[in-house]
Structure formats: C-alpha cells, structure tokens
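User: Got a model to go through with you. Can we take it residue by residue, then zoom out?

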Amino acid sequence: MKTYLWLVLFVLLFSLPAALAEEEQPVLYLPFNGTAQDASPHHLHGKTNREAVYTEGVNGQALKLDGRTYIDLAHPGCCSRRS
C-alpha cells in the first residue's frame with residue numbers, strides 16, 4: 001500500500017507542472033461586432049449564409065437569428081484537440 005501511495009504521489013508531482021504550463025485558450029471567439037470574424041488566436045473566420053442582422057446585445061452587439069441565418073465556419077477539424 002505504501003508503494004502504491006508513493007507511485008501516485010510521484011506521478012502527480014511530475015504531471016502537475018505540465019498541466020499548469022498549458023494555457024487554455026478559446027478555440028473560437030465571435031464577439032459579433034458587425035462581422036463573423038474570429039477574435040481568438042486561431043482566426044477561424046466565418047461567413048453568414050445571408051445578410052446578417054446585428055442588434056444590441058448584453059455586452060456589445062448580438063447576431064439576430066431568424067431560424068434561417070447561420071454562420072458557416074468552413075474549417076473542417078477546427079474544433080478538434082491536438083496533443
């Protein structure tokens with residue numbers, strides 16, 4: 001039992017710095033400031049399929065969706081995690 005505890009402690013101590021070093025970043029950030037441009041470091045810009053209507057949002061602008069409007073990112077595999 002004591003050996004098992006030391007092994008777990010050893011693994012935790014050496015994996016913790018690597019986990020802390022990886023900074024989480026959003027994959028996609030669309031502030032809806034009049035466009036469907038991505039403001040994240042990945043620049044996965046999108047296009048609306050039709051004339052988009054922007055309205056006042058809680059914080060800045062919002063995209064008004066009518067059931068027919070959508071944003072096409074056209075980036076296959078953009079949201080998969082890479083190790």
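This is a predicted model: local features need pLDDT of at least 70, side-chain atom pairs count only at pLDDT 80 or more; totals for chains, interfaces and linings use all residues.

User: Leaving aside neighbours within four places in sequence, which residues is Asp38 in contact with?

Analyst: Val27, Leu28, Tyr29, Leu30, His43, Leu44 and His45. Contact means heavy atoms within 4.5 Å. Residues are numbered from 1 along each chain as its sequence is written, and side-chain values use heavy atoms, with hydrogens and water left out.

User: Where is Asp38 found?

Analyst: In the loop between H1 and E1. Helices (H or I, at least four residues) and strands (E, at least two) are DSSP runs, numbered from the N terminus.

User: Is Asp38 buried or exposed?

Analyst: Buried, because its relative accessibility is 5%. The cut-offs are under 20% relative accessible area for buried, over 50% for exposed, and partly exposed in between, using a 1.4 Å probe and protein chains only.

User: Which backbone nitrogen does the Asp38 side chain reach at 3.3 Å?

Analyst: That of His43. A polar atom of the Asp38 side chain also lies 2.9 Å from the backbone nitrogen of Tyr29.

User: Switching to Thr35. Where is its place?

Analyst: Thr35 sits in the loop between helix H1 (2–21) and strand E1 (47–48). It counts as partly exposed because its relative accessibility is 32%.

User: What joins the side chains of Thr35 and Asn33?

Analyst: A polar contact of 3.5 Å. That term means a pair of N or O atoms within 3.5 Å; within protein, one must be able to donate a hydrogen and the other to accept it, and residues adjacent in sequence count only if both atoms are side-chain atoms.

User: How far apart in space are Thr35 and Gly46?

Analyst: 8.5 Å, C-alpha to C-alpha. In sequence they are eleven residues apart.

User: And Thr69, which loop does it lie in?

Analyst: The one between strand E3 (61–64) and strand E4 (71–72). Thr69 is buried, because its relative accessible area is 10%. Leaving aside neighbours within four places in sequence, it is in contact with Asn49 and Arg50.

User: What share of the 83 residues is buried?

Analyst: 12%. Among contacts between residues at least 6 apart in sequence, 31% join residues at least 24 apart.
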